[in-house]
Amino acid sequence: MSQAASQAVVISGSGLWTPSHSISNEELVSAYNAWADKYNQTNQAAIEAGTLEAKPHSSAEFIEKASGIKSRFIYCKDGVLDIDRMYPHFAERSDEQVSQQAEIAIEAAKAALKAANKQPQDIDAVIVSCAYTQRAYPAIAIEVQEALGIEGFGFDMLVACSAATFGLHRAYEMVKAGTARAVLVINPELVSPQINYTDRDSHFIFGDVATAKVVESAATASSDHQFEILSTKAVTKFSNNIRSNFGFMSRAQDTDPFAVDKLFHQNGRSVFKEVCPMAATHLESHVAQHGLGATDVRRWWLHQANINMNLLIAKKLLGRDASADEAPIVLDRYANTASAGSMIAFNLHHQDMQSGDVGVLCSFGAGYSIGSLVVRKR
């Protein structure tokens, strides 16, 4: 076995960037209900004739009960609550300006580098892994690499809500193989432009955020909080139950690039029914690889999609309700932040862990896809 392959690989730094703007359930519902009233009034004749369905009202209580979400952070609040617009208004930037997604990625990256006691010259690779990238090319990762002054290489990868864990998998493999000394994995989840704010069943789900991790050899790590990656595990299974059809083919197909099916949409009941047992089985088998049971895990940093999913998965694993200390919840404040949810949970709830404590990072989402890492505090 080569020296590189035998070396332990650690997560040595974690960074979080949170937008300055937020939207409460009450604000969101007020705008949605006003929009629904306007829609129903405008289309009254068609609704009465039965050719269109009236838009139902929502409530803050409905949202919290259905999801556990109370508010969400958003990069740009302007336009979202305007019933004549109902989506954010971003000022277009020139090619010479830093893109919005690179901007938030850079902030999270700087925080992770600081936590890891690393300088840009210590990093060999940058991975930007998220649900959506702002453009096809050049890669956001290469833009971030340039802005931070990192030599080496960078690339983007899209794995929907499993993007963050899949990105960490690739970083672990690079360091383990000796092809990179340290890798910066960034998850700039700028999802608000892809939300259908006129859909009662999904307009409340997502929030914007950016997270980052530094992955390196234990031999070079010098930070206060280091987590050895004991193993990684991933699985995918095709499903149409979570989908976004936005893409360059719209032009060739002569279709509206911003039509409802081009935005995020899902069959929530099917997702809940199918993903929960799939995730629980995945996690149980992953920790079992180390001769561990679910109760041997000190902390579960689970994907933050829906409070009911998290509670059910944790209960399937533990045979009882998990405490907030065992499986922290952050979606009440952050909402579903695509792949970044478990990374936020880790960022906010890892410093109290003791040497030898085992934790599990896990994300799951469209694909279907599930990614997990078993880690141990050094």
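**First stop: α2 and α4**

Select Asn 25, Glu 26 and Val 29 in α2, then Ala 60, Ile 63 and Glu 64 in α4: these two groups meet. What kinds of residue make up this contact? They divide into 3 nonpolar, 1 polar and 2 charged. You are looking at a predicted model.

Now show the whole helices. Helix α2 covers residues 25–42 and helix α4 covers residues 60–67. Their axes are 8 Å apart, and the helices pack at an angle of about 120°. The two are therefore oblique to each other. The crossing of α2 and α4 is right-handed.

**Zoom out: the whole chain**

Buried residues make up 52% of the 378 residues. Look also at which parts of the chain touch. Of the contacts with a separation of 6 or more, 77% are between residues 24 or more positions apart.

**Second stop: α9 and α10**

Select residues 268–288 for helix α9 and residues 307–318 for helix α10. Their axes come within 9 Å and cross at roughly 40°. That makes α9 oblique to α10. This crossing, too, has a hand: α9 passes α10 in a right-handed crossing.

Show the side chains where the two helices meet. On the α9 side, pick Val 271, Phe 272, Val 275, Cys 276, Ala 279, Ala 280, Leu 283 and Glu 284. On the α10 side, pick Asn 308, Met 309, Leu 312, Ile 313, Lys 316 and Leu 317. The residues of this contact divide into 11 nonpolar, 1 polar and 2 charged.

Select helix α12, residues 341–348. Is this helix mostly covered or mostly open? It is mostly covered, with 7 of its 8 residues buried. The buried ones are Gly 341, Ser 342, Met 343, Ile 344, Ala 345, Phe 346 and Asn 347.

Step back to Ala 335, in the loop between α11 (331–334) and α12. Its phi is positive, about 65°, although Ala 335 is not a glycine. Most residues other than glycine have a negative phi. Is Ala 335 buried or exposed? Ala 335 has a relative accessible area of 0%, so it is buried.

Go to the loop between α8 (249–252) and β10 (265–266) and select Asp 254. Here is another positive phi in a residue other than glycine, near 55°. Asp 254 has a relative accessible area of 71%, so it is exposed.

**Last stop: two cis peptide bonds**

Most peptide bonds are trans. Which bond is cis with omega near 0°? It is the bond from Tyr 137 to Pro 138. Find Pro 138 in the loop between β4 (125–130) and α6 (140–148).

Then jump to the bond from Gly 367 to Tyr 368. This bond is cis as well, with omega near -5°. Tyr 368 sits in the loop between β12 (358–365) and β13 (369–377).

Note on methods
Residues numbered from 1 in each chain as written. Predicted model: local features only at pLDDT ≥ 70, side-chain atom pairs only at ≥ 80, totals over all residues. Heavy atoms only, no water. Axes fitted to C-alpha atoms, helices over the stretch in contact; angles between N-to-C directions. Helix = DSSP H or I, 4+ residues; strand = E, 2+ residues; numbered from the N terminus. Parallel < 35°, antiparallel > 145°, perpendicular 65-115°, else oblique. Left-handed = near helix turned anticlockwise from the far one by under 90°. Contact = heavy atoms within 4.5 Å. Nonpolar A, V, L, I, M, F, W, Y, C, P; charged D, E, K, R; others polar. Buried < 20%, exposed > 50% of the residue type's maximum accessible area, 1.4 Å probe, protein only.
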